Amino acid sequence: MVHVVDVYVGKRIRQRRWLVGMTQQKLAECVGIKFQQIQKYETGANRVSASRLWDIADALEVEVAFFFEGLKAAEDDMVEADAVPADMMGDKEAMDLVRSYYAIPENQRRRLFELARVLSDVA
């Protein structure tokens with residue numbers, strides 16, 4: 001039976017991998033396993049051992065604790081009163097948007113941020 005913590009850790013692996021623009025194949029090569037195993041970790045179908053999680057954290061350049069951050073909050077369907085899905089950062093489109101946003105030069109990014117804020121207030 002799949003455990004909620006395994007699913008959460010898998011989503012955090014996928015989130016970080018997408019954020020840094022790494023493929024499952026590349027991560028698997030860095031860790032010394034097959035990409036199918038990364039797929040199983042990311043879905044929570046297979047539990048990640050402590051040593052393997054250490055290797056994955058090293059390959060993705062984060063502390064092991066990163067994979068558990070927000071676990072308690074994820075037990076709720078929504079994050080606070082903003083009605084933002086707790087798994088929003090697990091969505092590939094959202095991660096692509098964040099990556100693209102930070103690729104924009106700072107002065108333009110600030111203006112885009114202000115535009116988004118105005119538009120969200122209107123909605």
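Of the 18 residues in the largest nonpolar core, which touch the most other members? They are I13, L27, Y41, I56, L60 and F67, where a nonpolar core is a set of buried Ala, Val, Leu, Ile, Met, Phe, Trp, Tyr and Cys residues joined through side-chain atoms within 4.5 Å. This is a predicted model, in which local features need pLDDT of at least 70 and side-chain atom pairs count only at pLDDT 80 or more, while totals for chains, interfaces and linings use all residues. Residues are numbered from 1 along each chain as its sequence is written, and side-chain values use heavy atoms, with hydrogens and water left out.

The chain contains seven helices and two strands, which are DSSP runs numbered from the N terminus (helices H or I, at least four residues; strands E, at least two). Along the sequence they follow the pattern α-α-α-α-α-β-β-α-α. Of the 123 residues, 28% count as buried, a term that means under 20% relative accessible area, with exposed meaning over 50% and partly exposed lying in between (1.4 Å probe, protein chains only).

Two or more residues of the core come from each of α1 (4-20), α2 (24-31), α3 (35-43) and α4 (50-59), and the largest share, four residues, is given by α4. If neighbours within four places in sequence are left aside, I13 is in contact (heavy atoms within 4.5 Å) with L27, Y41, E42, V48, L53, I56, L60 and F67. I13 is also one of the buried residues of α1, a list that includes V9, R12 and W18. After α1 comes G21, whose phi is positive, near 75°.

The structure also holds two aromatic pairs. Rings of Phe, Tyr and Trp (its six-membered ring) pair if their centres lie within 6.5 Å, and planes under 30 degrees apart count as stacked, over 60 as edge-to-face and the rest as tilted.

| Pair | Centre to centre | Angle between planes | Type |
|---|---|---|---|
| F66 and F67 | 5.4 Å | 80° | edge-to-face |
| Y101 and Y102 | 5.1 Å | 85° | edge-to-face |

F66 counts as buried because its relative accessibility is 15%, and F67 is buried with a relative accessible area of 0%. In the other pair, Y101 counts as partly exposed at 22% relative accessibility, whereas Y102 counts as exposed at 56%. R12 lies over the face of F66, at 3.9 Å from the ring centre; a charge sits over a ring if NZ of Lys or CZ of Arg is within 6 Å of the ring centre and within 35 degrees of the ring normal.
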